[in-house]
Amino acid sequence: MIKLGVPSKGRLMDKTFQWFEKRGVTLMRTGSDREYAGAVEGIDGVALVLLSAGEVPRELAAGRIHLGVTGTDLIHDKLPLWEQQVEPMAEMGFGHADLVLAVPKAWIDVDLTDDLDAAAAAFRAAHGFRLRIATKYHRLVRDFLRDAGVADYALVDSQGATEGTVANETAEAIADITSSGDTLRANHLKILSDGLILASQATLWRSRVAEVTDADRAVLATLLDRLGAD
Amino acid sequence: MTQARERAHALRDRFIAAGAQLVKPPILQPADLLLDLYGEDIRARAYVTSDALRGEQMLRPDFTVPVVQMHMANGADPARYTYAGKVFRRQEDDPDRANEYLQVGYELFDGTDPAAADAEVFALIADAVSPLNLRAATGDIGILMAAVDGLDTSERRKAALRRHIWRPRRFRALLDRFSGRSPVPETRAALLAGKAATDAPLTGLRRQSEIDARIAALQADAAEPPLSGAQMDSLDALLNVRETLPFALAQMHTLCADLPALRPAVKRIDARAEALSARGIDVDNLEFEASFGRTSMEYYDGFVFGFYAEQRPDLPPVASGGRYDALTRRLGQGQEIPAVGAVIRPGLMDELEGTA
């Protein structure tokens, strides 16, 4: 049985269901609204696993699901050496979101990571601690800042309402996912000109480590062919 | 007892025989100090854990910091310490690199004769790994610092360069900007022309006075003449010095003509070469590379060295060390005790001998 992991709720689930539907594969939730059980119609040998989008990378890497739908951002952040564990099969054209580095719009002296580094050095000298950047994407942000040569910063964990941390004075800058930029603007933040850390969208991934029988292999080939993702 | 552990104990005993006192720092170290010293990068390299009482703790990524702390709190000068135990390094990119391994170290705190202290530590380590025929690489972060200090430019530019000595790419980008080789970014030009404005309210801890101060600094910097071509060429030549020690020294003496501030640092390397020679090191064949050690941890600020297995370029250095006077200054709250130290990885020695 080929196991397909998809997000279990919200817009991401609806869009995923539509994307498969368009390609002749019907995904549906079964049972009550609150029960996380699902079914697949239009192809035999495929089972639906409903998951939080954040858990899809882990399940793919563990080989507990063969295919999974989740954002590029989550794969890159949660799986070191992700290329060895999963393979992108199709970009699905929704769930567009960029991971960006943003600072208060009133910082007219800061437009590039280069400026951020200089501002961080001065901030640390003035305040006695490192300039704080709120994010939940620790690894991606740290790697990005290391490549950009930014020092004297500290990451602080923020699992939600990250744009509010600056006004609340728990961080001086943020790194978060944005699609329209509306929330950033509403919170008087601007994206650094070279502050795009990752451009992400919903993507269908194949696990490189999940075990497949000969029968599974055939089902997988048929499914990917149907999805135009082989 | 495992092979590596037996070897670790033998090395430790060798260091005790050389006059070192055995110390045993705890495995769990307070995270705030290490974070303050190394910045966020340390989180990518060390395991962090926590409890409600003590807050964040790190599994020791090295012994140097706790040994320095211990010495600054109650050590006598001079002092020699040794230790043998595991360090823990988080690995995010290379599954073949060990995330816990044994280290045996030797740390020497003695301000009377730095050249002799450097030579003592280097010779002791060279002797301990001598059966493996490793390639020794040496360098000196102090000479890079001296070169930066000696540039004819503003203190602010020098401070920016000093801050990024350990980030070669960033260091290069700064040099290119200060010498006028790279253009002024558009947004910077607009800011300098007074054309950057915003109606956004200022949020967060960074104050308007800090923004104004940075703009004033940028304006002052824009009025600063570019670094001279001659000094840039000398600095490039210095960064590219990679020779056996006598030839490297000859080149660096020549560079003193354009960068006279190098002279004291070059003299220190002269003295070190003599001290190494007196310890029986074949300095005529010892490699010196001015850029060596620039990508490792930030605390080395003088002599740096590493021992590498030439047939196994995939392996990290079997032994490495250097001088870290600035670290003792940071941890000593004002007092400073010149210090130099090194570690050996007995597990790698076993691997190279084919006995692991």
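Biologist: In chain B, what share of the contacts with a separation of 6 or more comes from residues 24 or more positions apart?
Modeller: Those residues account for 71% of them. Two residues are in contact if their C-beta atoms, placed from the backbone, lie within 7 Å. Before going on: this is a predicted model, where local features need pLDDT of at least 70 and side-chain atom pairs count only at pLDDT 80 or more, while totals for chains, interfaces and linings use all residues. Residues are numbered from 1 along each chain as its sequence is written, and chains are lettered from A and ligands numbered from 1 in the order in which they are written.
Biologist: Why does the radius of gyration of chain B agree with a compact globule?
Modeller: With 356 residues, such a globule would be near 21 Å, and chain B has 23 Å, which agrees. The radius is taken over C-alpha atoms, and the globule rule is 2.2 Å times the number of residues to the power 0.38.
Biologist: How many helices and strands in chain B?
Modeller: Chain B has 15 helices and twelve strands. They are DSSP runs, numbered from the N terminus: helices are H or I with at least four residues, strands are E with at least two.
Biologist: Take helix 11 of chain B. Which of its residues are buried?
Modeller: In helix 11 (residues 229-239), B:Ser234, B:Leu235 and B:Leu238 are buried. Their arc around the axis is only 100°, which puts them on the same side of the helix; the arc is that of the directions from the helix axis to the C-beta atoms. On the other side, B:Gly229, B:Asp233 and B:Asp236 are exposed. Buried takes 20 or more other C-beta atoms within 10 Å of the residue's own, exposed 12 or fewer, and partly exposed is in between, with C-beta atoms placed from the backbone.
Biologist: And what do the buried ones pack against?
Modeller: Helix 6 (141-149) and helix 12 (245-255) of chain B.
Biologist: Switching to the interface. How many residues of chain B are in contact with chain A?
Modeller: 31 residues of chain B, against 33 residues of chain A. On the chain B side, helix 10 gives the largest share, five residues.
Biologist: What about chain A, which domains does it have?
Modeller: The assignment gives domain 1 (2-96 + 201-226) and domain 2 (97-199); such bounds come from an automatic or database domain assignment. The contact takes seven residues from domain 1 of chain A and eight from domain 2 of chain A.
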